[in-house]
Amino acid sequence: MNKRYIGIILGLVLPMITIWALYTFSYGAARPWNEFIEALIRLQSMATMIAIACLSNLAVFTFFAYTDKLEISRGLIISTILWAVAIVIIKFFVQ
């Protein structure tokens, strides 16, 4: 079960789950999701939020590297690089 595509999928989905968890624990039912996203865009902090969310990939990468699941770890690195490209695009071209 040491497949690279598993790491890529984990690395792409985990930051999205992390952003949702940060929203849930920060605002809960006080504000709707679209207001949270609009506030991130208005404050020009969308790229920062994504970068913080990508730290969850680090924890998963460390776990799989420690357990010698190196193909999954490589997939996580690939997806983190994709997130980094997205962050650069958002930071310099969108905001």
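Q: What does contact mean when we ask what covers a residue?
A: Contact means heavy atoms within 4.5 Å. Keep in mind that this is a predicted model.

Q: What covers the buried residues of helix 4?
A: The cover includes helix 1 (4-26), helix 3 (46-53) and helix 5. The buried residues in question are Ser56, Asn57, Val60 and Phe64.

Q: Why can we say that the buried residues of helix 4 line one face of the helix?
A: Looking down the axis of helix 4, its buried residues fall within an arc of 100°, so they line one face. Turned away from that buried side are the exposed residues Leu55, Leu58, Ala59 and Tyr66.

Q: How does the reach of helix 4 compare with what is expected at 1.5 Å a residue?
A: Helix 4 (residues 55-66) has 12 residues and spans 17 Å from first C-alpha to last, which is close to the expected 16 Å. After helix 4 comes aspartate 68, with a positive phi near 60°.

Q: Why is leucine 76 called buried?
A: Buried means under 20% relative accessible area. Leucine 76 has 1% relative accessibility, so it counts as buried. This residue of helix 5 touches, among others, Asn57, Val60 and Phe64, and those three are themselves buried in helix 4.

Q: Why is phenylalanine 93 called exposed?
A: Exposed means over 50% relative accessible area. Phenylalanine 93 reaches 65%, so it counts as exposed.

Q: What makes glutamate 71 and arginine 4 a salt bridge?
A: A salt bridge needs a side-chain nitrogen of Lys or Arg within 4 Å of a carboxyl oxygen of Asp or Glu. Here the closest N and O atoms are 3.0 Å apart, and the pair forms a salt bridge. This pair links distant parts of the chain, with glutamate 71 in helix 5 and arginine 4 in helix 1, 67 residues apart.

Q: How do we know that arginine 74 belongs to a network with Arg4 and Glu71?
A: Arginine 74 forms a salt bridge with glutamate 71, with the closest N and O atoms 2.5 Å apart. Salt bridges that share partners join Arg4, Glu71 and Arg74 into one network.

Q: Why is glutamate 71 called partly exposed?
A: The label applies between the cut-offs of 20% and 50%. Glutamate 71 has 23% relative accessibility, so it counts as partly exposed.

How values were computed. Residues are numbered from 1 along each chain as its sequence is written. This is a predicted model: local features need pLDDT of at least 70, side-chain atom pairs count only at pLDDT 80 or more; totals for chains, interfaces and linings use all residues. Side-chain values use heavy atoms; hydrogens and water are left out. Buried means under 20% relative accessible area, exposed over 50%, partly exposed in between (1.4 Å probe, protein chains only). Helices (H or I, at least four residues) and strands (E, at least two) are DSSP runs, numbered from the N terminus. The expected span of a helix is 1.5 Å times one less than its number of residues. The arc is that of the directions from the helix axis to the C-beta atoms. Lists of a residue's contacts leave out its neighbours within four places in sequence.
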